[in-house]
Structure formats: C-alpha cells, structure tokens
Amino acid sequence: QVQLVESGGGLVQAGGSLRLSCAASAPFFTDYVMGWFRQAPGKEREFVAGILRSGSRTYYADSVKGRFTISRDNAKNMAYLQMNSLKPEDTAVYYCAAKVDGYYYDDLVDARRYDYWGQGTQVTVSS
C-alpha cells in the first residue's frame with residue numbers, strides 16, 4: 001500500500017510560481033512511476049506531468065510544457081511539480097499519483113492506469 005500526501009498549493013497571482021510536493025510512504029519508491037494530474041470544477045481530471053522511476057524521462061501536457069517541471073528525489077521519497085508563469089486556467093485541484101509500470105507517454109497520461117492517489121491540493125491563480 002502506498003500513501004501519497006500533496007502539499008504546497010495556495011493562492012497566487014497570474015505570472016507567479018508555486019511548488020507542489022508529494023510525499024510517498026512506500027517501501028520502494030523507485031518501483032513507482034509518478035504523475036501529476038489536475039481537476040478543475042466541472043471538468044474531467046487531466047494529465048499534467050509524469051516522471052519515470054529513475055527520473056530519466058519526463059512527460060508534459062502541451063498546456064504546461066515550458067512552464068511546469070516535474071522532478072523526484074528518490075532518496076527522500078518525494079515528487080515535485082514546479083509551476084511557473086501560472087495562468088488563471090491552471091486553477092484546479094492538483095493530485096499526485098503512482099503506478100507500478102509505464103514508460104511511454106501513453107502509459108502515463110491515462111489516469112485510470114494509476115494505482116495510488118493523494119487527496120489533492122488546491123491551486124488558485126487570480127488574474
């Protein structure tokens with residue numbers, strides 16, 4: 001069983017930055033591919049970014065490419081999402097998720113393929 005706890009959300013003005021953290025309680029954190037998703041009111045949960053077990057490869061949704069950076073610290077069982085140049089349309093609840101397998105973009109983008117989820121953290125970007 002893996003427990004994921006997100007933190008770092010909040011209210012920020014457009015153009016600002018936030019760094020989300022995801023703490024994982026897992027005996028072998030490196031067994032898991034990590035992803036960040038978000039869900040805005042009235043919308044479906046959508047993929048934001050994903051990172052492979054070693055951190056050697058990352059994937060991003062087109063809407064955040066060049067502005068967001070996903071990373072992980074396997075020694076600390078942590079995953080991060082650095083969000084820069086935030087826009088009002090980035091407002092959503094952000095979730096981190098973990099899955100055992102996956103390598104290609106299509107493996108990471110589908111929320112239904114993830115095994116574990118955090119409770120989410122609210123990010124609100126004001127204009």
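Buried means under 20% relative accessible area, exposed over 50%, and partly exposed in between (1.4 Å probe, protein chains only). This is a predicted model: local features need pLDDT of at least 70, side-chain atom pairs count only at pLDDT 80 or more, and totals for chains, interfaces and linings use all residues. Residues are numbered from 1 along each chain as its sequence is written, and side-chain values use heavy atoms, with hydrogens and water left out. The structure contains eight salt bridges, each a side-chain nitrogen of Lys or Arg within 4 Å of a carboxyl oxygen of Asp or Glu.

**Asp-90 and its partners**
- Asp-90 pairs with Arg-38 in a salt bridge, at 2.9 Å from N to O.
- That pair links distant parts of the chain, 52 residues apart. Asp-90 lies in the loop between strands S8 (78–83) and S9 (92–99), and Arg-38 in strand S4 (residues 33–39). Strands (E, at least two residues) are DSSP runs, numbered from the N terminus.
- Asp-90 also forms a salt bridge with Arg-67, with 2.8 Å between the closest N and O atoms.
- Arg-67 sits in the loop between strands S6 (58–60) and S7 (68–73), 23 residues from Asp-90.

**Burial**
- Asp-90 counts as buried because its relative accessibility is 1%.
- Arg-67, at 11%, is buried too.
- Arg-38 is likewise buried.

**Arg-113 and Asp-107**
- A salt bridge joins the side chains of Arg-113 and Asp-107 (3.5 Å, N to O).
- Arg-113 has 43% relative accessibility, so it counts as partly exposed.
- Asp-107 is partly exposed at 21%.

**Network**
- Shared partners join the salt bridges of Arg-38, Glu-46, Arg-67 and Asp-90 into one network.

Definitions and conventions:
Helices (H or I, at least four residues) and strands (E, at least two) are DSSP runs, numbered from the N terminus.
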